[in-house]
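Hi,

Here is the structure we talked about, with some notes on what turned up in it. Have a look at the model first, then read on.

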Amino acid sequence: MNKTDLIWHNGKLVPWDQAQVHVLTHALHYGSSVFEGIRVYATPSGSRAFRLRAHTRRLFDSAKIHRINIPYSAAEIDAACREVVVRNKLTDGAYIRPIAFRGYGDIGLAPPDDHPVDVSIAAWEWGTYLGAGALEAGVDVCVSSWQRVAPNTIPALAKAGGNYLSSTLVSLEARDNGFQEGIALAADGTVSEAASANLFLVRDGIIYTPHATASILTGITRDSVMVLARDLGLDIVEQAIPREMLYIADEIFLTGTAAEITPVKSVDRRVVGAGTRGEITRRLQDAFFGLFDGRTEDRWDWLEPIDEPVRIEKRA
Ligand code: PMP
């Protein structure tokens, strides 16, 4: 991890090493945290956070699902995210990690509504998530023996700390077996998503991706890719995807804040298409990365300036 100077912790910027919590913090025991990951890109008009407001909205949605009362407004969280980037002098390749979690107080499973909720925001430099060259050459993936949480068990739409026990098992198994990423199936055996990214496949020129009901996190990159695909006049369908469709796809790619748009070159050692980045994947990457070098016009207001820091104090 590339340490920076300051972390925003409950309304104040504190030195990186001093952003600490008590061992009886509720979230440490029960996974009762909600978090986000946001990328900052260098663009011709300066540093921009990609869809910061959408990420903050999802943070509040996740908190609402879990009844975690964040003691700040969305605008305050947005401002604090920008402040952390600016004050740490981060520009291109920065990753922002806001987290809100049940803090130290009651260790019971049904804490009172006024139980302390801590909010921290760190930012650091982060390059290509799935390894250098992955964006062009693609990655080898496997279908995991671990499935995603079933509907009405742990809510998949919330980006909560506890959900990542599942992602960690999928990732460790993939790594141990020599793959760069694992794909989890949903409880019904259809395709869900990768450990930390959404999945798309292409067959006969049509793009398919699992529906929100397939126990996925509805990614912000997923949404962006769907908008860009439609903008390019491509057909895109959200539907249940049988596992074996992965083996006969012409192209597969993963999307996420960390993964960006990463091609998949094999699944369970079966080569995807020609084993190289497919044409539709390349066109979508072009449109996506074009947002950051000015080739794609940002008609959706996705690139948000980060250089307007505002100092916030925690509400009483
Ligand atoms: N699914 C999971 C489980 C994830 O952790 C992520 C990364 N946040 C995604 C999908 C992709 O979401 P996003 O595009 O919003 O980063």
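A word on naming before the rest: helices here are DSSP runs of H or I with at least four residues, numbered from the N terminus. Also keep in mind that this is a predicted model.

By that naming, helix α1 covers residues 26-30, and L28 sits in it. L28 counts as exposed because its relative accessibility is 59%, and exposed means over 50%. It also belongs to a nonpolar surface patch of about 740 Å², made by V23, L24, L28, Y30, Y104, I107 and L109.

Next, a pair of strands. β12 (residues 206-209) and β13 (residues 235-238) run parallel and are joined by four bridges. I207 has I236 in β13 as its bridge partner. To get from β12 to β13 the chain goes through helix α6 (residues 220-231), giving a right-handed β-α-β crossover.

On cysteines: there are zero disulfides in the structure. C81 is buried, at 0% relative accessibility, and C142 is buried too, at 5%.

Most residues other than glycine have a negative phi. R67, however, has a positive phi, near 55 degrees. R67 is in the loop between α2 (52-65) and α3 (74-87), and counts as exposed at 60% relative accessibility. D204 is not a glycine either, yet its phi is positive at about 50 degrees. You'll find D204 in the loop between β11 (198-203) and β12, exposed at 63% relative accessibility.

Cheers

Notes. Residues numbered from 1 in each chain as written. Predicted model: local features only at pLDDT ≥ 70, side-chain atom pairs only at ≥ 80, totals over all residues. Heavy atoms only, no water. Patch = residues over 30% accessible without salt bridge, like charges linked within 9 Å, V, L, I, M, F, W, Y side chains within 5 Å. Areas by Shrake-Rupley, 256 points an atom, 1.4 Å probe, with all protein chains shown as cover. Salt bridge = Lys/Arg side-chain N within 4 Å of Asp/Glu carboxyl O. Helix = DSSP H or I, 4+ residues; strand = E, 2+ residues; numbered from the N terminus. Buried < 20%, exposed > 50% of the residue type's maximum accessible area, 1.4 Å probe, protein only. Pairing = 2+ DSSP bridges. Right-handed = clockwise from strand over helix to strand, strands pointing away. Disulfide = S-S within 2.5 Å.
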